[in-house]
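Hi,

Here is the structure I promised to pass on. Have a look at it first, and then read my notes below.

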Amino acid sequence: MDTRRQDALVAGWMRGALLLGGALALAACVGLFAKAWPILSSASLLAGLLSPDWAPAQGEFGLLPFAAGTVAVTLLAMILATPVCVLSALCISEKLSRRWRDAAKLAVDVMAGIPSVVYGLFGVIVVVPFVRALARAVGSESSGYSLLAGGVVLAIMVSPVIVSIAAEALESVPRGAREAALSLGATRWETVRHVLLRHARPGIVSGVIIGFARAFGETMAVMMVVGNAPRVPRSLLDSACPIPALIANAYGEMMSVPRYEAALMLAALALMLAVAAFNLAARLTLARWHGRAA
Amino acid sequence: MISRKGQDRVFGWLMGLSLAGVVAALIAIAGCVAVRGAAGFTWRMLIETPKGGYYLGGEGGIANAIVGSLCLAVGATLLSALFSLPASLALQREYASPRLSRAARLLFDTLAGVPSIVWGALGFVVMSWLGMRASLLAGMATLAVLIFPIMTCAMAEAVKAVPPGVKEAARGLGASRTQTSWLVVARQALPGLLAAVLLAFGRGIGDAASVLFTAGYTDHIPRSLLDPVASLPLAVFFQIGTPYPEAQARGYASALVLLVIVLLVSFSSRLAGRRLSRHVLR
Amino acid sequence: MPHISIHKLTVSYGGHVALKDASVDIPDKRITVILGPSGCGKSTLLRSVNRLNDLHEEVSVQGQVLVDGEDVYAAGADELSLRAKVGFLSQRPCPLPMSVADNVSFGPRIHRLTPDQMLRRIGLEPRGDRNGAVSLLVEHYLKLAGLWDEVKDRLRAPAANLSLGQQQRLALARALAVEPEAILADEPTSALDPISAQLIEKRFLALKEKYTVVLVTHILRQAKRLADHVVFLYMGEVVESAPASEFFASPRDPRTRAYLAGEIS
């Protein structure tokens, strides 16, 4: 077979592999939507989604506890993680010498690869008892399996992502910008505040959003420490059940109750679309910033 | 009002403390798992499967989970690479217009962020639709779908970094774009491509949510693709939750083994990257 | 009859016209130098001959380029065999990411030469042993490029480890290994040190016995040293084309005279 025919055939296969990505995305959306249809098509059930009552056996599919749980634990994680991560990224890009910088980046990369069960295990061994002790110290009662524990574990989990994206954003600020500020007599802190953070803000914000999306969809680590109680959490020391945990815990049970599966698939669809929206927003911000800076 | 220099010093302290905190967390996690895992660990655990019911019973090891995880991850990685490599090469200018390429990259980036529980749920849906039961095959396929976008994104970065002069040199000799892509570009990008494969492997072997519904769990080592299969993350999850100290010890040991595998993969990816860069132009 | 012939060639990138109505005949088995100030279309002219311009986005080509009597821009023309027929050396030598020996044998390998064909090309008896044939081929072309003595002990070493001057001679060996009839060189010595540049120039002088050489340069002295025929390009137009002796002694166009006098560069 001559070179030209070979080229055309192989190119076809390569483009096909590329289209596979698109097909996957489409199949996921269509599949979940179809499975969730029994609930989507029924107005009464649709309205019931917003109620705080989750009792599948009685046909009540209120998803509010889980949505609240997801948002709460993710927000908590981001509040805990963001300042620490941005400061760490600043340390890496501004304070460290070459060798230490590479070592720090290596450490962060290694952290990024640790499986979520291991974070969960750490949570069970260290964080949960800590929360239990904390609760006692403030005069409250808690098993330790709580929103707070989930938030802490998630914060540690998404830190490597945020640190590496933020550090990269800071490193790509042109040296001239720093020199300009310093040559006017600014301190390092002032340079950071007025010049660096402004330049790198889109990149850092993208990193935070990507971290948020990761935390939003995280299953295992959270499930092991958060208590998994299907009601709206009332305090940090209360148990919660984010959506991924809902889906994971329901394995096996959903076949016996009608429309249980539909409710879960709806939750999965909502989760997927929310995470995709965050990621898309972050990537587009990053792309626009690169385009401007380039 | 603190002086300017004072502010700067405080800021310096905060920066250092934050980074130290992050690194300390890493050490704490690794140390915690290593210590607890090593406490109940015996070398025999690596080759024995659990006996007497996986939640109960004192004896046996975690060979089921180790072999299971390796089978799942290796199978999924190979399956995914079969499509990721051509897809990443297809993003070059010679095969796709800049607009298509940008859109495709965005799509793959977004797909890479889809939570693994969603793929697990979808995998379950497809499985029931096909009348399949939880098995090695179903787990591998679901895992492959999870890591496909991740691997493609990483490979695409490696391909993008190939200097255009190399491609021009090959084309100038009369090579077709296919010959250039597979004989020259792939060779130049090889360290990055391998790093992508190992990255995806590491991600796959550590994931629990995607195999939770699709691979099942068992005490035995699977004998065919249609048998259910244990995995290290699930081994940790299930055994930690039991009140039996022997099972818990096995759970910690599983976590240790998993951590060791992931660290080995991470380091070998760096090592391989350096060895393979002999012929690569900088 | 001239081997390479260009008729009314107009090339533009996007909206920008780089070459306007260029017509020139390249004489066989001589060194033709394309001369002119930077940015006047010399590279574009050169790259049109082996259709390397195609790799650009938004390029539009009008006119004809005849190689061996056939228009290379005609519909259905085969650019792969064209590029095997017309070799190319770029300004920055770009070794392929493989060993020295593999760089040289890359061309014959992708054009799927059998061992017998390889040996016949370099004038030896067919032997049937593939590895032996490839080694002999590599040795032959490295000698032709004047690089053999310096690399014969490190044929398996990465080509990226060679010095810039060595890499350019490697690129020459690589281009020669596909047995072209003509060699195009786009400012081949401008990135090199004087000694390597001199080595390359000597190679070209030796090669013109067998190959048609077209060389782009903006160094007047190099043109005087090497050229048998000169084409002067200014602002995208072919201003003058003449044998070297005529060109340097009595240029006809006022722009040529200004350039040779150093008034425009």
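Two strands count as paired if DSSP finds at least two bridges between them. Helices (H or I, at least four residues) and strands (E, at least two) are DSSP runs, numbered from the N terminus.

Some housekeeping: this is a predicted model, so local features need pLDDT of at least 70 and side-chain atom pairs count only at pLDDT 80 or more, while totals for chains, interfaces and linings use all residues. Residues are numbered from 1 along each chain as its sequence is written, and chains are lettered from A and ligands numbered from 1 in the order in which they are written.

On to chain C. Strand 3 (residues 31–35) and strand 8 (residues 212–217) run parallel, joined by 5 bridges. One pair to look up is C:Leu35 with its bridge partner C:Thr217 in strand 8. Both strands belong to an open, mixed sheet of 6 strands, ordered 6-7-8-3-9-10. Strand 6 (86–89) and strand 10 (237–243) each have a single partner strand, so one side of each has no neighbour in the sheet.

Then chain A. Helix 6 (residues 147–171) and helix 8 (residues 188–217) have axes that come within 8 Å and cross at roughly 150° (axes are lines fitted to C-alpha atoms, for helices over the stretch in contact, with angles from 0 to 180 degrees between N-to-C directions). The two helices are therefore roughly antiparallel, the term for angles over 145 degrees.

Cheers

Key
Parallel < 35°, antiparallel > 145°, perpendicular 65-115°, else oblique.
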